[in-house]
Structures are given as C-alpha cells and as structure tokens.
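Please read the numbered points alongside the sequence and the model.

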Amino acid sequence: ARRTGPGDAAMNRVIRIGAAAVAAAFLLSSCARSAGGAGSYRDGAYVGTYSHFDPQGWKPQLRIVVAKGRIAQADFDYVNRAGQLKTSDAAYEQAMKAARPTYPARYTRELEDALVKKQEAGVDVVTGASSSSRAFNALAAAVLAKARTGDTTGVVLAMDASYSAED
C-alpha cells in the first residue's frame, strides 16, 4: 500500500479545482455558442425601407426593436406619399377583404409576430399577402444584419424582382 503525505492532499485539491475550472469553462462556452444564432443582436432600434414607392403608391417600412439581444418588437407597414399608413386606410382594407383572405392590419401583425417568435428573418409567407411577405422578409434580413453589428443607421433597399417601383 502506498503511503500518503501532506503534499498529496494539496495535490488532490489542485486537481479538483482544475477540473472544476475546466467544467465551468466548457459550460460557459456551450452557452455562448447556443446564444450565437438568432439571439445575437445588439440592443437598439433598427429601421429599413425601400428606395421607391410601388405602383399603388406605397412604400414598405420595417422597424425592429432589440432588447437583451432578442427581437422584442417589429413594426411593419407601408407609407404613402402623404405619410399615411396602409394599415390605417379603411378603403384599402375593404377592397382587399373583398378579394383576399387577409388585409394590411392582419397580415402585418402576423408577419411581425412570426418574426418575434422566430427571432430571425425568413418567416412564412402569409396567404393573400405574398408580395408583402417577400418585402417584409427582405427588409427583416437587411435590418437584422445591422442589428447583429449594432449599426443603427437606416437601411434602404433598392428595387429587385420581388418589389417593383412606380415609374
């Protein structure tokens, strides 16, 4: 049998402390890796819009608020040249309700809620609002890219295949 001396107890203590430090470092790095995805935004308010009005005279805009590294709020709407919001246009809502299963006040809320829940761009398209869903997702991707770095300057998207400008 091996004899133990006073130095062995100290060595055991050093080994236990070292093992605990390695375990703590592993746990912390695992938490940091899991937080690196959708929840890795910098707190602040971020905005985006398109560079032109669409053929109906509306321009989509999105404002995202990040708190504690997560998307806390999203506000999506369209604005016309007079500064009025599409979600407040009763005549537009009635015309849309007659032709589609949704309307601006409903589909904007669905898109906003989906983004807050998913915590990243690329939410599902809302039936009856596919072009608005595409515009929303494009704006969300651009705005959230800014939120990852903390750049609160507004982003303006140019026209593309999913959004065409009025001439």
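**Notes on the predicted model**

1. E93 and K97 both belong to helix α2 (residues 90–99), and because they are four residues apart there, about one helical turn separates them. Their side chains form a salt bridge, with N and O 3.0 Å apart. The model under discussion is a predicted one. An α-helix has 3.6 residues a turn, so residues three or four places apart point the same way. E93 is buried at a relative accessible area of 18%, whereas K97, at 39%, counts as partly exposed.

2. The salt bridges number three by the rule applied here. One of them joins D75 to R63, with 3.9 Å between the closest N and O atoms. Since D75 is in strand β3 and R63 in strand β2, this pair ties together parts that are twelve residues apart in sequence. D75 is partly exposed, at 34% relative accessibility, and R63 is likewise partly exposed, at 35%.

3. A salt bridge also links D151 and K146, whose closest N and O atoms are 3.2 Å apart. D151 has a relative accessibility of 30% and therefore counts as partly exposed. K146 is listed among the buried residues of α4.

4. In overall layout, the chain has four helices and four strands. Read from the N terminus, their order is α-β-β-β-α-α-α-β. Of the 167 residues, 32% are buried. Where contacting residues are at least 6 apart in sequence, 56% of the contacts join residues at least 24 apart.

5. Helix α4 covers residues 130–149; its 20 residues should span 28 Å at 1.5 Å a residue, and the distance of 29 Å between its end C-alpha atoms agrees with this. The buried residues of α4 include F136, L139, V143 and L144. Among the elements covering the buried residues of this helix are β1 (44–50), β2 (58–67), β3 (70–80), α3 (104–118) and β4 (155–157). After α4 comes G150, with a positive phi near 85°.

6. Which residues touch the most other members of the largest nonpolar core? They are L62, I64, L115 and F136, in a core of 29 residues. Two or more residues each come from β1, β2, β3, α3, α4 and β4. The greatest contribution is that of α4, with eight residues.

7. Setting aside neighbours within four places in sequence, I64 contacts several residues, including Y46, I71, L115, V143 and L144.

Terms used. Residues are numbered from 1 along each chain as its sequence is written. This is a predicted model: local features need pLDDT of at least 70, side-chain atom pairs count only at pLDDT 80 or more; totals for chains, interfaces and linings use all residues. Side-chain values use heavy atoms; hydrogens and water are left out. The expected span of a helix is 1.5 Å times one less than its number of residues. Buried means under 20% relative accessible area, exposed over 50%, partly exposed in between (1.4 Å probe, protein chains only). Contact means heavy atoms within 4.5 Å. A nonpolar core is a set of buried Ala, Val, Leu, Ile, Met, Phe, Trp, Tyr and Cys residues joined through side-chain atoms within 4.5 Å. A salt bridge is a side-chain nitrogen of Lys or Arg within 4 Å of a carboxyl oxygen of Asp or Glu.
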